[in-house]
Amino acid sequence: MALKCAVELGIPTAIHNLGGTSSVEDLVTSLSLPQTKLPFLRRVMRLLVTSGIFASDSSGDKETYRLNPLSWLLVEGVDHEDHTNQKCFVLGTVSKHYVEAALSLADWFKKDLAPPIPSPFEELHGVPLLDEKTPLLDSELHNIVVEGVAAHDNLAIGTIMRECHDLFRGLESLTDCCGGDGTTARAIVKAHPHIKCTVLDLPEVIKTAPADGVVNYVAGDMFKSVPPSQAVLLKLVLHHWSDDDCVKILEQCRKAIPSREEGGKVIIIEIVLGPSLGPIMFEAQLLMDMLMMVNTRGRQRDENDWREIFMKAGFSDYKIVKKVGARGIIEVYP
């Protein structure tokens, strides 16, 4: 809630606009807050520094606050390829509807619900998250969540392009399933101009996509068909879906690609649960799994879970190419 407060007040942007460092007195003035709130803001900032959201420097009795790589992602109005503003992701995660769903978890466990079992969010609010019905619950929440998920999905795409350049080597065509406005596809084309990229998404998403001539947009449903290409990309898509639904999606992806000998593969960017990255990263992965459990019918998966889904969908082999932060990059072969 302290992080929510900082984001809603615009503290990261204020520090950025003040030259990258600020005293609490300057923040109060910049944000037009009552002077009486100064000691309270200092307490909030002290917590957020200790939690790793901001950094601080002390000189005598004066403490100043500055951005670190995490709070940099909460600055608004920055035009940089490695910057995707995560404000809406934070606000969605701590929204009233998310919190109420989490608070109803014990009641949800006690109910003998018929499969497919709805998430606590869906059971409590009567509509699924990220669904055409969600705006009926709260249109502002729906817009925040859609924007937040897009920002989260596009986070670190520049890093992936640099760290995993070979991932796209030799490809002539690629379909980005649930590719939204084409941010990832455009990044791929920028790094690999010879690749013909297609974005598949729902009609309501495609109708707002930019007609830039760089990417081909197709309105459709990945459960029914995927545009043919040498490779299919599923970036942070499958964790929203149940195991059975993941198999159905992957079956359509398998139909869309050629044989392994012809370069056919599905590229999946998802969390691969496991303690190998240390306790802090593992806890973050598990908290993301709880986020999925409370708000969707999906989940985060470990390597064994992924292997089982791949085999059920008719694939013959897979390889975890690299881990970037909490996420794994997986190549799956027909």
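**Aromatic rings and their surroundings**

Colleague: Why does Y98 count as buried?

Modeller: Y98 has a relative accessibility of 9%, and buried means under 20% relative accessible area, with exposed over 50% and partly exposed in between (1.4 Å probe, protein chains only), so Y98 counts as buried. This is a predicted model, in which local features need pLDDT of at least 70 and side-chain atom pairs count only at pLDDT 80 or more, whereas totals for chains, interfaces and linings use all residues. Residues are numbered from 1 along each chain as its sequence is written, and side-chain values use heavy atoms, leaving out hydrogens and water.

Colleague: How many aromatic pairs are there?

Modeller: Rings of Phe, Tyr and Trp (its six-membered ring) pair if their centres lie within 6.5 Å, and planes under 30 degrees apart count as stacked, over 60 as edge-to-face and the rest as tilted; by this rule there are five aromatic pairs.

Colleague: What makes the pair of Y98 and F121 edge-to-face?

Modeller: Their ring centres are 6.2 Å apart and their planes stand at 80 degrees, so the pair is edge-to-face.

Colleague: Is F121 buried or exposed?

Modeller: F121 has a relative accessible area of 0%, so F121 is buried.

Colleague: Why is the pair of F223 and W241 called edge-to-face?

Modeller: The centres of these two rings lie 4.9 Å apart with the planes at 75 degrees, so this pair is edge-to-face.

Colleague: How do you know that F223 counts as partly exposed?

Modeller: F223 has 26% relative accessibility, so F223 counts as partly exposed, and W241 is also partly exposed, with a relative accessible area of 29%.
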